[in-house]
Amino acid sequence: RLIVWRGALDIFKNYPIFGSGLETFAYSYYQYRPISHNLTSEWDFLYNKAHNEYLNYLATTGLVGFGTYTLVIGTFIWWSIKKILNFQLKMSNKRLENNLPLYILYCALLASYISYLIYNFFLFSVVIVAVFFFLFPALVFVTTKPSAIEAPQNDNLRFILDKLSTVLYHRPFYAQAAKGIVVFLMIYFLYSIFQLWYADTLFAESQKASAAGNSGSAYNLLSAASQLNKNEPFYKSELGFAAAQAAAALAETDATLSASLKDEALSQTNTALKLSPKNVSYLRTAIRTYFELSILDKSYMDQTLQTLDKAIKLAPTDPKLFYNKALILDAMDKKDEEVEILKQTIKLKPNYQEALIQLKEATASTKQ
C-alpha cells in the first residue's frame, strides 16, 4: 500500500492543479508506478484506486478537487462540533431535557462520519460506502429546524407549485401529455439499461467462446455486443482481437472472408486506440491483435513492436511489456536486441523467472 501511495504522490507532483483527470488513476499510475512494486505478489495487478481516498483525490483532481473535498469534510465537522457544544451549553443550564435524544444522535452521526474518514485513509470508497459521505450530513441537517423554513421564499415556491398543479390537474390535455412524456422516458431509459445489460451478457459469452478456442463464435458475439453499445472502446478493442483470430483461422479455407476480417480487426483496433490513446490495457490488446495479424502478413510484426513501444512509454516500469517485446524480437530472430531488452526486464524485476530463463536461452543462442 505504501508503494501505491508513493505512486499517487508522484502523479500529484506532475499534475498539481487539476490532477490527471477524474477516474484516471488506473491509467496514470502505470506511468509513475514505482519499480519496487514489481517485487510484490500483486505486481501484475491493475490498480484503479490509490487505496487511500485522499491521495486518490489528490492524484486525479489535484489541489482544486482535493481542496473542495476537504472543505466539505471540514465544514460539516466544524458545524457538528459547534452544534454539540451548543447542546452541552444548554445541558449546563438544564435546558436539554427534551433534546437529549437529538444530542445523542448528533454525537453518534459525527462519530460515524469520523470513522468513515479513517476508513477512507487506508482504503477507498465503494459505491455503498460512499453514500455515507452524503447520508450522515443529510441526517443531521434534516433533524435541524432552522427558522429559514418559514421564509417568504417558500411561500413563493408553494404558489408556483399550486399553479402548476392547477394547470396539470384541471386541464386534461396537459395532464395526459405530461403522463405520456413520463411513460415514454421511463420506457426509453429501461430499454437503454436493458441494452447495456444484454451487451455485457453477450460480451461475457464471447469471452467464454474465446477461451474455448471458438474464434468465430467469439467474433459474432462481440460484434453483437458492440452494436448494442457503440460507444464502448473496450468492446471494440476485444472485437478487433477476435476478428484477427478469426482472420488467421480462415486464412487457408476462405481467403476473401479472412481479408474482410483482417480489415475489421484493424478498423476496430484503430477506433479503440483513437478513443482511448493512453489506455495501456487497450494497447496490450492491440499488441495481441497485430501479432495475430502477423500470421497473415509479416509486416505487422513491425506494427506490433511500435505499439509495444507506445505501451512501454506509458508504463515504463512494467516488466511484462519488456518481456513481451523480447518475445517478439525472438520471433523476428533479433537475438542481440532481445538480450538487451531482457536485461532491462530483469533490472525492473530481478525475480522474473520467465525472463531469466529466456535470457539464458537467448544468450546461449547468440554465442553459437
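Let's start with F76, which is buried, at a relative accessible area of 4%; buried here means under 20% relative accessible area, exposed over 50%, and partly exposed in between, with a 1.4 Å probe and protein chains only. F76 sits in helix α3, residues 53-92. Helices (H or I, at least four residues) and strands (E, at least two) are DSSP runs, numbered from the N terminus. Setting aside neighbours within four places in sequence, F76 is in contact (heavy atoms within 4.5 Å) with Y113, F136, P137, V140 and F141. Take P137 from that list: F76 and P137 are 61 residues apart in sequence, yet C-alpha to C-alpha they are 6.8 Å apart in space.

Quick housekeeping. This is a predicted model, so local features need pLDDT of at least 70 and side-chain atom pairs count only at pLDDT 80 or more, while totals for chains, interfaces and linings use all residues. Residues are numbered from 1 along each chain as its sequence is written, and side-chain values use heavy atoms, with hydrogens and water left out.

Okay, the whole chain. How many helices and strands does the protein chain have? It has 15 helices and 0 strands. Of the 368 residues in the chain, 38% are buried. If you take contacts between residues at least 6 apart in sequence, 60% of them join residues at least 24 apart. The accessible surface comes to about 22000 Å², and 63% of that belongs to carbon and sulfur atoms; the areas come from the Shrake-Rupley method with a 1.4 Å probe, and for residues only the protein chains shown count as cover.

Now confidence. The mean pLDDT (the predictor's confidence in each residue, from 0 to 100) is 86 for the protein chain, and 88% of the residues reach 70 or more. Over residues 147-152, though, pLDDT stays under 50, and the model has 2 contacts beyond four places in sequence for that stretch. Where pLDDT is low, the predicted coordinates should not be read in detail.

Helix α1 covers residues 2-14, and at 1.5 Å a residue its 13 residues should span 18 Å; the end C-alpha atoms are 19 Å apart, which agrees. The expected span, by the way, is 1.5 Å times one less than the number of residues. Which residues of α1 are buried? They are V4, W5, G7, A8, I11 and F12. Looking down the axis of α1, those buried residues fall within an arc of 160 degrees, so they line one face of the helix; the arc is that of the directions from the helix axis to the C-beta atoms. On the face of α1 turned away from its buried side you find the exposed residues L2 and K13.

L22 counts as exposed, at 70% relative accessibility. Beyond its neighbours within four places in sequence, L22 touches T60 and T61. L22 and G65 are 43 residues apart in sequence and 9.5 Å apart in space, C-alpha to C-alpha.

Next, α9, residues 233-249. Its 17 residues should span 24 Å at 1.5 Å a residue, and its end C-alpha atoms are 24 Å apart, which agrees. Is α9 enclosed or open? Well, 15 of its 17 residues are buried, so α9 is largely enclosed by the rest of the structure. At the start of α9, a side-chain oxygen of E232 comes to within 3.0 Å of the backbone nitrogen of F234.

Another loop residue is S294, between α11 (280-293) and α12 (300-314). S294 is buried, with a relative accessible area of 4%. Leaving out neighbours within four places in sequence, S294 is in contact with Y300 and M301.

Helix α14, residues 335-348, has 14 residues that should span 20 Å at 1.5 Å a residue, and the end C-alpha atoms are 20 Å apart, which agrees. The buried residues in α14 include E338, V339, I341, L342, T345, I346 and L348.

Last, a backbone point. Most residues other than glycine have a negative phi. H51 is not a glycine, but has a positive phi of about 60 degrees. H51 lies in the loop between α2 and α3, and at 22% relative accessibility it counts as partly exposed. D333 also has a positive phi of about 60 degrees without being a glycine. D333 is in the loop between α13 (319-331) and α14, and at 59% relative accessibility D333 counts as exposed.

Notes:
A polar contact is a pair of N or O atoms within 3.5 Å; within protein, one must be able to donate a hydrogen and the other to accept it, and residues adjacent in sequence count only if both atoms are side-chain atoms.
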